[in-house]
Amino acid sequence: KAYELIKSANLGKSEFDPSESFSPDLFVLCAEQALKMGQPEVSEDCIQMYFKVKAPITQFLGRAHLCRAQMCAPKSAENLEEFENCVTQYMKAINFAKGEPRYYFLVYNASVLYWQMVRPFLEPGYRHHLIPSLSQIVNVLSQTEEEDKEWHAELMLELLECYLQAGRKEEAARFCSTAAPFIKSHVPQKYRQMFSVMVRHELMDELQLKEEKKNSISLSVTFYINMLKAKAERNDLPGDVSVILRKAYRHLGHYNHQRFPSIREEKMLLLFELARFSLTLKCMEISSDCLSDLKKMESKVSGFMTLLPGDGRLLTCIWTKGKERKSSSQGLRVGTLPSFLPVFCTTAVRWCLQFYTCPFLFTFIVTTGPQHHSCF
């Protein structure tokens, strides 16, 4: 009914004078509600009416661009023209908002809605399309000093993955020079993920990487595993592979999860990763030792589920629920997952099933990372 009233007033068929009765902001508010209710035609009509009137420059100009962007979102990664049109609307909202601190929230909202839109382009072979727009968004989030550092770091990691999948290693290395210090300083819980990528793809000088790992058990283990993975991809594995893996395993022995329960999940994740990689390299003894350690670790902690299959073998699932936050006004709830999660889950399940008949402990660790986020 609100839409009909606004429409009538705009056409001059209402007893109300639109210039006196209501603000043009109502066009945008109506458009946003229409989108929520699954009525894109109504939303489009409201946005067209908004841009036809001489509305004052307020936050609603940015919100109108966000509405338009959502209306022209591509349905698949094949619709590149729709993708470009959609990105244009998001960048209009971002460029409008970045110049005024009170509108910074629109930059954040645009980044969240943009990330929802690009999901079809996260498949291999399509990520390179995201680099121009995602790099701009990451830069603007830096300029506006986005408060949600974790979300900012997540987009940085995704942009790094885009560079690597596109084969733009030099740009990836340059990007790491700013992204790595940011993540290490503001979101330290994500730094191991960043560090592993830098080691795996040799994006930083090896001496510098070795210096980084000196005072960290988790980074040391991550360094050994990913250094060997990089060499394995080049068919350049050293002759002392088992020695290096054993060294990584011994490092994990210094991780005192009983004294510091907060590191339990990280230790289990590293043990699982080391066990799987050792098995891949046919270092069965190290893999067995890792699994034995996992079996000894208690599982009665928050967020753990222990499942007992019919034959009595133990499958432990660790599920850390991702953060999900509600918006201040629109009330949308948007969840995001780390880019490595689908691959990790698939690999873990296949690995467990392949060796299910073995008397090993199979620990399936699923860690969901941020997110969130909410809009408007």
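Reader: Which hand does the crossing of α11 and α12 have?
Author: The crossing of α11 and α12 is left-handed. Keep in mind that this is a predicted model.

Reader: At what angle do α11 and α12 pack, and how far apart are their axes?
Author: The angle is about 150°, and the axes are 11 Å apart. Helix α11 covers residues 191-200 and helix α12 covers residues 206-213. An angle over 145 degrees counts as roughly antiparallel, so α11 is roughly antiparallel to α12.

Reader: Which residues make the contact?
Author: From α11 they are Tyr 191, Phe 195, Met 198 and Val 199. Helix α12 brings Leu 209, Glu 212 and Lys 213.

Reader: And how many of those are nonpolar, polar or charged?
Author: In the contact of α11 with α12, five are nonpolar, two are charged and none is polar.

Reader: Let me step back. How many helices and strands does the protein have?
Author: There are 17 helices and three strands.

Reader: What share of the residues is buried?
Author: Of the 376 residues in the protein, 48% are buried. As for the surface, the protein exposes about 19300 Å², with 52% of that supplied by carbon and sulfur atoms.

Reader: What about contacts between residues 24 or more positions apart?
Author: Those account for 66% of the contacts in the protein with a separation of 6 or more.

Reader: Back to helix pairs. How do α6 and α8 cross?
Author: Their axes come within 11 Å and cross at roughly 15°. Angles under 35 degrees count as roughly parallel, so α6 is roughly parallel to α8. The crossing of α6 and α8 is left-handed.

Reader: Which residues touch there?
Author: On the α6 side, Phe 83, Val 87, Met 91 and Ile 94. On the α8 side, Ser 133, Gln 136, Ile 137 and Val 140. By class, the contact of α6 with α8 has six nonpolar residues, two polar ones and no charged ones.

Reader: Where is Lys 92?
Author: Lys 92 is in helix α6, which spans residues 80-97. The relative accessibility of Lys 92 is 40%, so this residue counts as partly exposed. Lys 92 and Leu 66 are 26 residues apart in sequence, while their C-alpha atoms are 8.6 Å apart in space.

Reader: Ser 218 next. Buried or exposed?
Author: Ser 218 is buried, because its relative accessible area is 8% and buried means under 20%. Ser 218 sits in helix α13, residues 217-233.

Reader: What is Ser 218 in contact with, leaving aside neighbours within four places in sequence?
Author: Ser 218 is in contact with Arg 192, Tyr 255, Glu 266 and Leu 270.

Reader: And Asp 45, buried or exposed?
Author: Asp 45 is buried, with a relative accessible area of 15%. Asp 45 lies in helix α4, residues 40-52. The C-alpha atoms of Asp 45 and Phe 27 are separated by 8.8 Å, and the two residues are 18 apart along the chain.

Reader: Last topic, phi. What is the phi of Glu 145?
Author: Glu 145 has a positive phi of about 50°, although it is not a glycine. Most residues other than glycine have a negative phi. Glu 145 is in the loop between α8 and α9 and is exposed, with a relative accessible area of 61%.

Reader: What about Lys 282?
Author: Lys 282, also not a glycine, has a positive phi of about 65°. Lys 282 is in the loop between α15 and α16, and at 69% relative accessibility Lys 282 counts as exposed.

Terms used: Residues numbered from 1 in each chain as written. Predicted model: local features only at pLDDT ≥ 70, side-chain atom pairs only at ≥ 80, totals over all residues. Heavy atoms only, no water. Axes fitted to C-alpha atoms, helices over the stretch in contact; angles between N-to-C directions. Helix = DSSP H or I, 4+ residues; strand = E, 2+ residues; numbered from the N terminus. Parallel < 35°, antiparallel > 145°, perpendicular 65-115°, else oblique. Left-handed = near helix turned anticlockwise from the far one by under 90°. Contact = heavy atoms within 4.5 Å. Nonpolar A, V, L, I, M, F, W, Y, C, P; charged D, E, K, R; others polar. Buried < 20%, exposed > 50% of the residue type's maximum accessible area, 1.4 Å probe, protein only. Areas by Shrake-Rupley, 256 points an atom, 1.4 Å probe, with all protein chains shown as cover.
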